[in-house]
Amino acid sequence: MSPSFGRGVMTNHIVDMKNTDCALIMGSNVAENHPISMKWLFKAKENRGAKLIHVDPRFTRTSARADLYAPLRSGTDIAFLGGMVKYILDNELYHKDYVVNYTNAAFLIDDKYGFKDGLFTGYDPATRKYDTATWDYKKDDQGMALTDPTLQDPRCVFQLMKKHYSRYDIDTVCSITGTPKDKYLEVLDTFCATGKPDKTGCIIYAMGITQHTVGAQNIRAFSIVQLLLGNMGRPGGGINAMRGENNVQGATDMALLFHIIPGYIDSPMNTTANKDLISFLKAVTPGAAKLPVTNLEELRAAVKEGFPNSGFKINTSKWVVSMLKAWWGEAAKPENNFAYDYLPKRDEKKNYSHIAIFEAMHKGEIDGLFVSGSNPVVGGPNANKEQEAMCNLKWMVSCDLWLNETAEFWTYQAWERPVKNEKVAEKTPADIQTEVFFLPAAAVYEKEGTAAQTGRWVQYRWKGADPVGESKPDLDIIYDLGKAIKKAYAGSKRIEDEPIVNLTWDYESKHGPEPDIMKVALELCGYDTKTKAPVEGFAKLTDDGATACGCWVYCGAMTTLPDGTVQYKPQKRDNKDNSKTGLGLFSNWAWCWPMNRRIVYNRCSVQPDGVTPWPGDAERQLVRWDPLALSDPTKPELLGSWVGDDVPDFLKPTSPDKPAFTSPFIMRADGKGGLFATKTLMKDGPFPEHYEPWESPTAPIINKIALNPAAKVWAPDEQGTSDKYPIIGTTYRVVEHWQTGALTRNLPWLAELMPNMIVEISEELAKEKKIKNGGEVIVSTMRGDIKALACVTKRFKPFNVNGKTVHEIGMLWQYGFKGYATGDPANRLTPHIGDANAMCPEYKAWLCDIRRA
Amino acid sequence: MKVTRREFLKVTGATAASFAVLDLGFNMQATAAGIKELRIKNVTPTPTVCPYCASGCGLVVYSEKDSAGKFVKLLSVHGDPDNPINQGGACAKGAAMFNLREIYNEATGEQEINPKRVQKPMYRAPGSDKWEEKDWDWMVETIAKRVKETRDKSFIHKEKNADGNEVIVNRNERIAHVGGSGLDNEEAYLLSKLMRSLGVVYLETQARI
Amino acid sequence: MANKANLYDVSRCTACRGCQVACKDWNQLPAVIEPFTGSYQTHEDTNGDTFTIIKFFESEDPVTGVHWNFIKRSCMHCLDAECVKACPQGAYMKSPSGATIHDPEKCIGCQYCTYACPFEIPKYRKREDKISKCTLCADRVEEGLTPACARTCPSGALTFGDRNELLQQAEARVKYLRKNGFPRATIYGKLELGGLNNIFVLTDTPDKFDLPVNPQPSATIGFWQNWVQPYFGWLIPLALAGSAMSFVTTRLLANKQGEHGHDHPVEGGHE
């Protein structure tokens, strides 16, 4: 979503689903994996007559409650959505005012850009990479993009898009997706009706969309549909990315990811462009690369002045310096570039994502592994390989509530397999020389802290029980570990040890040796380095060392109240809906980033004039331009401000005379919704194009390319083909279990509800393979085999793919050999290949075979 | 500026106390003989948030405390009626939160700590086929020692990049980290900071998987 | 006091089974882990440590396609409860709000109630040699709280409240459903057996949800409780020790199964 809108977040929130006129649930099984959503979707249904559409390979508990269910073959979402784009354009169902003003539809594209036979311009087959130089706007002498607001110029994004998707006619689409044509037409009709200005429709997706070699482009396809229908930035609209783990949003915000540092800033690399602080800041601040500035002072002056194509990220230097200040305190000084050198610089040529970690480990390139509440032996793609890789570790630290499958990867049980397979290693504990440290962690309600839920609401959890036995909150464990590491390096004068020796690590509470969570929270949310008072918002952060802030997007979450006490806003519990029209914003409940904006890009909820609501939709207007309001109470001379029930996701003083007045996507350099993803935003094309999964039952249908041409192929010899493995396999979760099951298969009540590993298969396939409902089956792929129980069901049906009958089976992602409910991990079957951009593994579509055990 | 735990807890107490009232949906007077006494009568629940999917449903924890206010055992965990997301609702997973700590024994029906919870740090020596219990100090110090050994052996302070320029990289590619999406923000933040100070670049959370 | 009831609307149920677990949490019930046998449904029916379950039914219609129906089953809390009448020990009573409650102190584990119940709800708990079942959380309700199942239901399928008000809601809902794609939608529990304190809004006829279409108290039981029990109630504990009772129960059981087995074939079985 980031390439389309500027941020990669769920744009609306769960309660807001009640405001929709139509929900397209695709690649998500909300009723099972985010059950509370159904409460709000039912309200939309009952109060607004909203329609719920579910598109999924299998009929699920979500389908059971949807108004319309349409099956599609796993891995064909872009075909499905590309056809929708064509349908919208052909039938002129798009929201014209919205498209012209709020998206880059009118922008003209470089004449050299083109697309042929499934490839965009600039492709190099040797490296499987694109040179994206031609994927750019045509610009004038000032560097400003040229536009054609009539949308007629053949080089404008709108026309290029129309041309690109002209191939996605309904028959072609259905021959790829296997969707019955009548169902597909019904979906198109129903959802595209939200293009009317007084209607909004939302898209709800989860890992059914991301876990593909085209995962990021799947989301791009959603973005295009939603921009065309004018559904972004409006209540009941948006793209609701349903996060799967309670704080995966927060862990991403804190950048427990190789490619970013806290607050979504690209992590520095070993490039010349990142060699020192000023070079790095110029590289990561949009529009700054070519500025003639050579130091921080000059950059500061340029920022104050403003420069084109920068958007809100023009402030990046303040976020980076404040973070360095938070991490290295006194040691981060102007003289040493605020200790920028201390930050690790990754190798620009290397990938460090999940798959890469285990590939490197497999080659013996990694000695030590920390596992924090994660379970790759169950949840890692190609789990056999990942488990084998772990045997090369010298040491592993696992921190969890349970001795999960990963903590016990070295046991006899861990190496039991249902059938002998030469591709899978056979090991005993004696073969495995890894030292394993298991640290028992406290459960969620045995400690306190905040978590960011899927709609970015950061809520506080208080402690309701003592940790069992000697288990400890992770905060204490991490703190103690940090102290011990710092102790081990104490007194070192080596320059390479400075990042540890000088690391600020003083969170001790007054009452004992354990850390005080409020001290951590203060550093995370930002403080004035002189007064130690909280910084009241990221607009107040500076790049001169006067402020320290661990993660700028959380700045403003801590505040000093008028009576002088400090409030941590995630603790707020006022549950009155502050919206005058009952939109369920609940702005005084907890806090949400950025700056408590509950629906991002909410500038789109009002017409370009900033005042008039969309025709017939006054109740869903979130913000407006008020020429008499004050954007800053201390500056009464500056009249005019953006105001509204939601915090405007817009620079408050942006007045109608400014060009940015109609640019709602403030985190994008051009301020417009990206129908066309320019330059390096996407690695595999400015428009989403359908490619088959790495393992596919069919030859390419719509173009000549099978696999996403920019997806990295790690292990070509691990690819299965449809002659040996004719059945599509997919994986998913059920409501009764969560992720790898460590946190649910160890709970007797949940083990009772879903006691065994199951494989769901259609009655047709069961008949063909003589498989009995409830009987044991073996599923095999190029990577391994598992044994499971068959669930023969009417809810899976064979697909008609280009005239050929193709079967698909599905299985639970969540089983392992530990706990009260056990079974073979499905990921022993899944491949080590990921999306070209985000590198999410392709868990959702691969080839297998099944037989009676 | 004062940011103390106590002050924040004061706020908590005030909000938490209001549940008992909000949870009451009906006003009934008579209590019939043979009906058990309400187990959570006069117990102040503690609000938390469900640790499973990211919907962010609020939960409330009811626990028994002794006269000194020390935690004794769990009574019940259920949906937080004040939380605007779930308004008291909880699916099977959220409703099973009690089991995260305690269970009722299938044979006896008695309440006990979930036997699968690990109560002590555990260590597995190279080549061994069993766990040994260890104390926290030994564990943490030994891990720090391993981290230092690995880091010092493989640390890259400077290197020549593709352009042939020498750059300071302060990187360490022989230590990796996975996980953390189940952590609180404060924990994830400290972990991100600690790992990066060690030069860790193989750093991943579950966002990608 | 007015009757309090649970209204369960199948069209709002997503089978998340929060109710099934919340019931165990509140009533302090251990898990009963049984292997998967081909359906998401956990057990064939409620049991001594499982007072409520969600049943799953899969079916296919040539026109409307695949359907997956769910229904929550537990004690119906009949207004005129057979178990109350049948129990030789007087272990059953009605709470002030109309729930049927069972006093384990008085129970001797004879299971007579199980056979008397048109829905076979009271279940034997071996651990204690007693019967157990849903109390509609009488302990909570008497203190003004809602039952654990209704309290936890995330999607709003369960509502607890005044029976008469809920019946009105149910009727309105059925009217709405009939107009919106479910022409056979109906209420269950309004009139059945003189009225139940578990009212259902169904999207299809009761047999599609494995509910007896016109439940009747067993004739044999009727005879027994109206004629034999008042005069010879003392015989039952006595008979329990001997073979006479097993003869009676076997007879009753056989009769009962015959009655159910033919009346309500389930289309497609579970799933």
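Which strand of chain B pairs with strand S12 (residues 368–372) of chain A, and over how many bridges? The partner is strand S9 (residues 166–179) of chain B, and the two pair in the parallel sense over five bridges, where pairing requires that DSSP finds at least two bridges between the strands. Within this pairing, A:Leu369 stands opposite B:Ala176 in S9(B).

This is a predicted model, in which local features need pLDDT of at least 70 and side-chain atom pairs count only at pLDDT 80 or more, while totals for chains, interfaces and linings use all residues. Residues are numbered from 1 along each chain as its sequence is written, and chains are lettered from A and ligands numbered from 1 in the order in which they are written.

The contact between the chains takes 151 residues from chain A and 114 residues from chain B, two residues being in contact if their C-beta atoms, placed from the backbone, lie within 7 Å. On the side of chain A that touches chain B, the largest share, 12 residues, comes from helix H19 (residues 474–489) of chain A; helices (H or I, at least four residues) and strands (E, at least two) are DSSP runs, numbered from the N terminus.

Inside chain A, the axes of helix H5 (residues 77–90) and helix H11 (residues 215–228) come within 9 Å and cross at roughly 20 degrees, with axes fitted to C-alpha atoms over the stretch in contact and angles running from 0 to 180 degrees between N-to-C directions. H5(A) and H11(A) are therefore roughly parallel to each other, a term for angles under 35 degrees. Residues making this contact include A:Leu81 and A:Val85 of H5(A) and A:Ala221 and A:Phe222 of H11(A).

How values were computed
Angles under 35 degrees count as roughly parallel, over 145 as roughly antiparallel, 65 to 115 as roughly perpendicular and the rest as oblique.
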